[in-house]
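Visitor: I would like to learn how to read a helix in a model. Please take me through one.

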Amino acid sequence: MNTINERRSIRKYKEEEVPNYLIEKLVEAASKSPSAKNRQPWKYIVYSGAGKSELLDIMEAALDRESETHELLPDSAGGLSDAYNTLKIMRQAPCLIIVMNTNGKSPFENINSDDRITEICDTLSIGASIENMLLKATELGLGTLWIANTCFAYKDLTSFIGEKGQLIGAIALGYADESPNQRPRKAMEDILEFR
Ligand SMILES: Cc1cc2nc3c(=O)[nH]c(=O)nc-3n(C[C@H](O)[C@H](O)[C@H](O)COP(=O)(O)O)c2cc1C
């Protein structure tokens with residue numbers, strides 16, 4: 001419970017690199033999460049240095065194009081400014097972990113209801129594994145930010161990454177250079193009901 005209470009979304013990072021052995025500990029924690037039918041539908045791809053810059057250049061160009069055309073997510077155009085903010089944070093964090101659903105299809109393809117149920121179960125499994133990773137990072141004194149704003153650059157990022165499956169999002173990782181207060185939570189009576 002202490003680690004759960006201490007975890008924060010971190011949006012300012014120190015320059016210090018995160019050693020690979022610590023990243024392996026995070027992925028070990030992620031891999032211990034439950035998953036539907038034990039499919040373990042996750043893959044984590046770590047970007048740092050020049051590789052990370054190149055990935056984020058691709059994302060920035062795609063955000064610029066989306067801002068002009070709104071071709072990918074027209075009904076979510078209001079979220080684009082937040083996506084640019086997230087991009088700045090991703091540039092500052094020394095490390096970025098791309099999260100893939102190895103069984104997933106592009107959200108821009110149509111799928112039937114059976115496949116949608118499978119996808120929901122796989123997405124939940126990956127969410128559980130990401131949370132394991134964030135909690136392990138907190139325990140190790142590392143800061144993280146869970147990122148879904150990659151969606152605005154979905155097609156460009158997936159073709160750059162070149163990995164089969166669905167791009168779920170990313171996790172920014174590094175040593176925190178801020179200590180934000182806990183964000184407000186809904187009251188117990190609003191989220192819990194005994195019947
Ligand atoms: C699925 C998911 C996607 C998120 N995407 C982003 C994002 O793209 N950019 C960002 O700044 N924060 C993102 N967040 C972080 C949330 O804003 C944050 O978790 C929430 O405001 C609560 O704050 P806390 O994590 O400090 O408790 C995301 C969180 C989740 C769970």
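Visitor: Which elements do the buried residues of α4 pack against?

Guide: This is a predicted model, in which local features need pLDDT of at least 70, side-chain atom pairs count only at pLDDT 80 or more, and totals for chains, interfaces and linings use all residues. Residues are numbered from 1 along each chain as its sequence is written, and side-chain values use heavy atoms, with hydrogens and water left out. Helices (H or I, at least four residues) and strands (E, at least two) are DSSP runs, numbered from the N terminus. The buried residues of α4 pack against α3, β2 (95-101), β3 (143-147) and β4 (166-174); contact means heavy atoms within 4.5 Å.

Visitor: Which residues of α4 are buried?

Guide: Buried means under 20% relative accessible area, exposed over 50%, partly exposed in between (1.4 Å probe, protein chains only). In α4 the buried ones are L80, A83, T86, L87, I89 and M90. They sit on the same side of α4, because their arc around the axis is only 165°, taken from the directions from the helix axis to the C-beta atoms.

Visitor: Where is E54, and what is its relative accessible area?

Guide: E54 belongs to helix α3 (residues 49-69). Its relative accessible area is 47%, so E54 is partly exposed. E54 and F160 are 106 residues apart in sequence, and their C-alpha atoms are 9.2 Å apart in space.
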